[in-house]
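Take a look at the model below, try each task yourself, and then compare your steps with the worked solution.

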Amino acid sequence: MRFAIINLVYILSSVMFIVGLKGLSHPRKAVRGIVIAALGMLLAIIATLYEPDITHYYVIAAGLVIGALIGTVLAIRVKMTAMPQLVALFNGFGGAASFLVAGTALLIYTNAEGVFTYGLLADGTVDPEGGRAQFLIATALSGLIGAVTFSGSFVGYVKLEEIFKKDTIWFPGQQALNAAVALVCILLGAWIFFEPPGILAYVLLVLVALALGVLLVIPIGGADMPVVISLLNSYSGIAATATGFVLNNNMLIIAGSLVGASGIILTQIMCKAMNRSMTNVLFGRYGGGSDGPKADDVYAGKVKSASPEEIAMLMDGARRVVIVPGYGMAVAQAQYAVRDMANLLESKGIEVAYAIHPVAGRMPGHMNVLLAEANVPYEQLQEMDAINPTMEQTDVAIVLGANDVVNPMARLDDGNPVSGMPIINVDKARNVVVIKRSLSPGFAGIPNPLFAGDNTLMYFADGKKAIIDLIAAIKES
């Protein structure tokens, strides 16, 4: 009866997770979806604690309290600009939890004589129905995928924090080395399966997989980090699913599968949006390319700066304005000022829309979250494919801190870091206003010919201050 109750609660929790994920499809339902999913996780934890094998409740309680405190502090203090880094850390810790739990289970089923006891009958023979093979395969997978997720996520965190100046690290024979390291991981996994308990093999597997995670992510450019974070998120779910099979925990299997599947789907959507290959992402050949032209060659004598008053004059005769938010808006926390400017323009009879690139910012949906936080009407947010056909009928396109996602060099097939990536075609608007602090490149590290375009005006200022000054200028005009 106890196990029946536990599994019924697990089913209820699973349904709540699915409802929660469904709620995230729309900003108006997102908060409710998160609350429902969180309550589902709470029920799953309570049900797990009801299992008869669970003991040492004081240790579990201490872990719950410490973890909740850390999570609460991070949630309150983290800035929206640092949210991608936080997601990367969460992915990494999820992977670490998976390989640590699987390794602990392997130790638990190893007696003092070094004999692996999982699935053994009283006479010392292996029970064919005892799930021994499932346990060993799942343990090896959990160690491999969890360790790759852990180290790869921390490399992603370092890149997003820009701790090291060198964005990508390439060296001769890198792919061959990755393949060799992956082969070693497979051989160590086979050692665990054919020679249990394989504790030494498991430790070696985790160490080699940690190195593999680093090798897979170091060649990936920062401009492509949103896709990598999404993929690592999927890895963390797959690792959790494998650990669920290790523990025979249905809830962990279901929750991990949901995370893994949704992460893969999101990664595929983003790869399509960036004209990249999923295979390239999986095998670490993603991003990079030629350095492209020098900034002096692109900008020399062609950049035209403007004042708020000059930009306000452009707005006087405008019928349609498109705002293209980017990471600069997140850094300046300018979303509220942008909303106020849009409301002012609409009061003058100007149509306003927001052009959202799938990978604008540093994580999937970064701009959507920021604008939803400022209560920008969801209907005004238009995806890249929907907004691009209307750009030629746009009187003014305002680019706020975006760089790589509006770089016309993406249309060139010369192997530059953004080559082939679909962009928002702001250069086709009648007038373009780019708000940036300077001409510094985006994460791709290449200049943007848009800034030197004949129809482009550069407004050099902090994003929030620029919008506030622009609002004042529009009111005066």
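**Exercise 1. Describe how the axes of helix H4 and helix H7 are placed relative to each other, and name the residues that meet.**

Step 1. The axes of H4 (residues 83-108) and H7 come within 10 Å and cross at roughly 170 degrees. Helices here are DSSP runs of H or I with at least four residues, strands are E runs with at least two, and both are numbered from the N terminus. Axes are lines fitted to C-alpha atoms, for helices over the stretch in contact, with angles from 0 to 180 degrees between N-to-C directions.

Step 2. On the H4 side you find Phe99, Ala102, Gly103, Leu106 and Leu107, and they meet Ile199, Tyr202 and Val206 of H7. Contact means heavy atoms within 4.5 Å.

Step 3. Sorted by class, this contact has 7 nonpolar residues, 1 polar residue and no charged ones. Ala, Val, Leu, Ile, Met, Phe, Trp, Tyr, Cys and Pro count as nonpolar, Asp, Glu, Lys and Arg as charged, and the others, Gly among them, as polar.

A note on the source: this is a predicted model, in which local features need pLDDT of at least 70 and side-chain atom pairs count only at pLDDT 80 or more, while totals for chains, interfaces and linings use all residues. Residues are numbered from 1 along each chain as its sequence is written, and side-chain values use heavy atoms, with hydrogens and water left out.

**Exercise 2. Is serine 234 buried or exposed, and which residues is it in contact with?**

Step 1. Locate serine 234 in helix H8 (residues 225-247).

Step 2. Its relative accessibility is 0%, so serine 234 counts as buried. Buried means under 20% relative accessible area, exposed over 50%, and partly exposed in between (1.4 Å probe, protein chains only).

Step 3. Leaving aside neighbours within four places in sequence, serine 234 is in contact with Val259, Gly260, Gly263 and Ile264.

Step 4. Valine 208 has a relative accessible area of 21% and is partly exposed. With neighbours within four places again left aside, its contacts are Val181, Val184, Cys185 and Leu188.

**Exercise 3. Work out the order of the strands in the open sheet, and find the strands at its edges.**

Step 1. The sheet has 6 strands in the order S3-S2-S1-S4-S5-S6, with parallel pairing. Two strands pair if DSSP finds at least two bridges between them.

Step 2. Strand S3 (381-383) and strand S6 (456-460) each have a single partner strand, so one side of each is left without a neighbour in the sheet. Neighbouring strands are turned by 25 degrees against each other on average, direction ignored.

Step 3. Look at one pair: 4 bridges join S1 (residues 320-325) to S2 (residues 351-356). Valine 321 stands opposite valine 352 in S2.

Step 4. H14 (residues 335-347) lies across S1, S2 and S4 (396-400), at about 145 degrees to S2. H17 (residues 463-476) lies across S4, S5 (431-436) and S6, at about 130 degrees to S5.

**Exercise 4. Find which residue forms a salt bridge with glutamate 351.**

Step 1. Start with the rule: a side-chain nitrogen of Lys or Arg lies within 4 Å of a carboxyl oxygen of Asp or Glu. By this rule the count comes to 6 salt bridges.

Step 2. The partner is arginine 320, with the closest N and O atoms 2.7 Å apart. Glutamate 351 lies in S2 and arginine 320 in S1, so the pair ties together parts that are 31 residues apart in sequence.

Step 3. Check accessibility: glutamate 351 is partly exposed at 43%, whereas arginine 320 is buried at 9%.

**Exercise 5. Identify the peptide bond between proline 196 and proline 197.**

Step 1. Recall the background: most residues other than glycine have a negative phi, and most peptide bonds are trans.

Step 2. The bond joining proline 196 and proline 197 is cis, with omega about 10 degrees. Proline 197 sits in the loop between helix H6 (174-194) and H7.
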